[in-house]
Amino acid sequence: MTKTWPNSIAREAIVEMSVYSARGGATDALHLDANENPYAPPPVVGVSGYNRYPAQQPEKLVQRLAGLYGVKPEQLMVGRGADEGIECLLRAFCEAGKDSILTCPPTFGYYKTCADIQGANVVEVPLNGDYAWDIPAIIKAAKPATVKMVFLCSPNNPTGNSLTREAILEVCDALPETLIVVDEAYIEFSEQESLANQIGTVRNLIVLRTLSKAYALAGVRGGSLLADPAIIQLLLKVLPPYPIGRPVETTIMNALAPSAMAVHAQRLEETISERKRLADALAQSDYVETVYPSDANFVLLKINNAEALFARLREFNVKIRDYRSTTGRVRVSVGSPDENTIALQAFGVSKQAKRSDRIGETFRKTNETDISVRVNLDDISQTKIQTGIGFYDHMLEQISKHGGMGLTLSCEGDLHIDAHHTVEDTALAFGAALKQALGDKAGIGRYGYVIPMDETQAQVAIDLSGRPAAVFRGEFPTDHVGDFPVEMCPHFFESLAQTLGAAIHIDVKGDNSHHMIEACFKGVGRALRPALGIVGDSNEIPSTKGTL
Ligand SMILES: *Cc1c(COP(=O)(O)O)cnc(C)c1O
């Protein structure tokens, strides 16, 4: 019997197997089919489903991930990390003692580990001196039918460089019977476009994606393998039962909520700009000979005087990845701005712009609104606001611009009812993020007072005292500006004061509601600037009580 591809290259035993798993997950039937317990485990009474096996491939999660990566649900398998995708590939396609995989070292070590466990061989086509891939050599070495798959990690871990799209497609084209596995664990940090959009066009292309790096979910374990549905069907036969526990599914769905995506995008932007700052500064370090260009969230370094450097790193309690035994290099991950500053000090680079982590983030989800906020008190470039109310977005931009802070705020609210919940809840979330960004408030100005003047006059006074108080004096001549009810203007500042822990006094006079509200938001921004700002070199908490 002749088998069609990809069955023709899969292990015989796997092709003949059917998919394990008693059922696809709990339905509304009376389930007496899986030996489960009828009660919820303590103490999660009220959370439904923990006593029931989850679906083998939870449907909503698969749909969300397929949407994220731009493929069809049947082209995706979700597992415990991209790692599980690699495990399944080896299990389904490589016969022990007979078949091989091809890798291009130095690269991610788990490909070889999985091959060793499976008893498969590893054909190595090393990267050349500049860490470039030798495409003709890869194609030549992968020609024998026993080479079942080629692993191309792009951006590559640990070198940080990427293959071009053309090179990858050339390999797919030259080896139509072989699986070309493109590991895109770091693609979000790269300018390169993901190859996910070629799934469905190039039958032997497999793309690995992970939530561990760009989406901050390493501890949750979630990764996807994207491939032709016929390949997915083979892999599902070797995927262990129920890899995605219900709390894992919930956590991932929450982390990928539509409102959270703006914060993810902002964090990515920050990592990419910090990567540049780190790389530029490390190039100045006496310990560093070469900083290799990186498209990922790390940089590879050629170092000298290694013993002294590692002693300093120990002194600063900074861990980096030591690849000296295999590549003679070290790898440094990009951390938060403050973390990178500490790493740079350990590398003996002192002359670099001071950055700090005065960053606050809040995620707030109720039946009425789904909100994410990221505030960066020291980087105004990080501003993006989306609430669905045009005028209100514009007002929040005024606070950000005049307050000198970066503000990413996105809200999916019940605007079909009215603007009330959206304005109130975003104000509460914004205040909480500001408070978090301020930390212990050491060194801040604490007070702000302004009287911006044109035809509308608003007097604003702010005290970041820790105690909420809001006083608003002003009469608006109309009841709405666009979709924004004017009564929400005082209510906004009241809610902000509540979670920020601030006294906010506003006095506004004028004869145009738009101008009056704008004056209030601008004024609060202007007054916040000195209050939030660091005064001189002082690290004192500006209160005789010693706490604010
Ligand atoms: C981190 C990493 C992975 C693992 O991803 P998980 O989803 O956490 O299993 C896969 N490939 C490469 C190249 C990695 O660096």
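Guide: Welcome! Here, the bounds of a domain are taken from an automatic or database domain assignment. The model above is a predicted one.

Visitor: How far apart are the centres of domain 1 and domain 3?
Guide: Let's start with the division of the protein. Domain 1 covers 56-256, domain 2 covers 263-346 and domain 3 covers 359-532. Taking C-alpha atoms for the centres, the separation between domain 1 and domain 3 is 45 Å.

Visitor: What box do the C-alpha atoms of the protein fill?
Guide: Picture the protein with its 15 helices and 21 strands. Along the principal axes, its C-alpha atoms fill a box of roughly 85 × 70 × 45 Å.

Visitor: What percentage of the residues count as buried?
Guide: A residue counts as buried when its relative accessible area is under 20%. The protein has 548 residues, and the share that count as buried is 53%.

Visitor: What share of the accessible surface belongs to carbon and sulfur atoms?
Guide: The accessible surface of the protein comes to about 24600 Å². Of that area, the share of carbon and sulfur atoms is 51%.

Visitor: In the sheet with β8 and β10, which strands are at the edges?
Guide: Follow the open sheet across its four strands, which come in the order β8-β9-β11-β10 with antiparallel pairing. An edge strand here pairs on one side only, and that describes β8 (288-291) and β10 (321-323).

Visitor: Which residue in β11 is the bridge partner of D322?
Guide: Strand β10 pairs with β11 (residues 329-333) in the antiparallel sense, over three bridges. Look along β11 for the bridge partner of D322, and you find V330.

Visitor: Which helix packs on that sheet?
Guide: The helix you want touches β8, β9 (298-303) and β11, and its direction makes about 10° with that of β9. Residues 261-282 form this helix, which is α9.

Visitor: Which residue in β15 is the bridge partner of I371?
Guide: Strand β13 (residues 369-376) and strand β15 (residues 406-413) share eight bridges in the antiparallel sense. In β15, I371 has as its bridge partner C411.

Visitor: Is C520 buried or exposed?
Guide: Recall that the cut-off for buried is under 20% relative accessible area. C411 has 8% relative accessibility, so C411 counts as buried. C520 has 0% relative accessibility, so C520 counts as buried.

How values were computed:
Residues numbered from 1 in each chain as written. Predicted model: local features only at pLDDT ≥ 70, side-chain atom pairs only at ≥ 80, totals over all residues. Heavy atoms only, no water. Pairing = 2+ DSSP bridges. Helix = DSSP H or I, 4+ residues; strand = E, 2+ residues; numbered from the N terminus. Contact = heavy atoms within 4.5 Å. Axes fitted to C-alpha atoms, helices over the stretch in contact; angles between N-to-C directions. Buried < 20%, exposed > 50% of the residue type's maximum accessible area, 1.4 Å probe, protein only. Areas by Shrake-Rupley, 256 points an atom, 1.4 Å probe, with all protein chains shown as cover.
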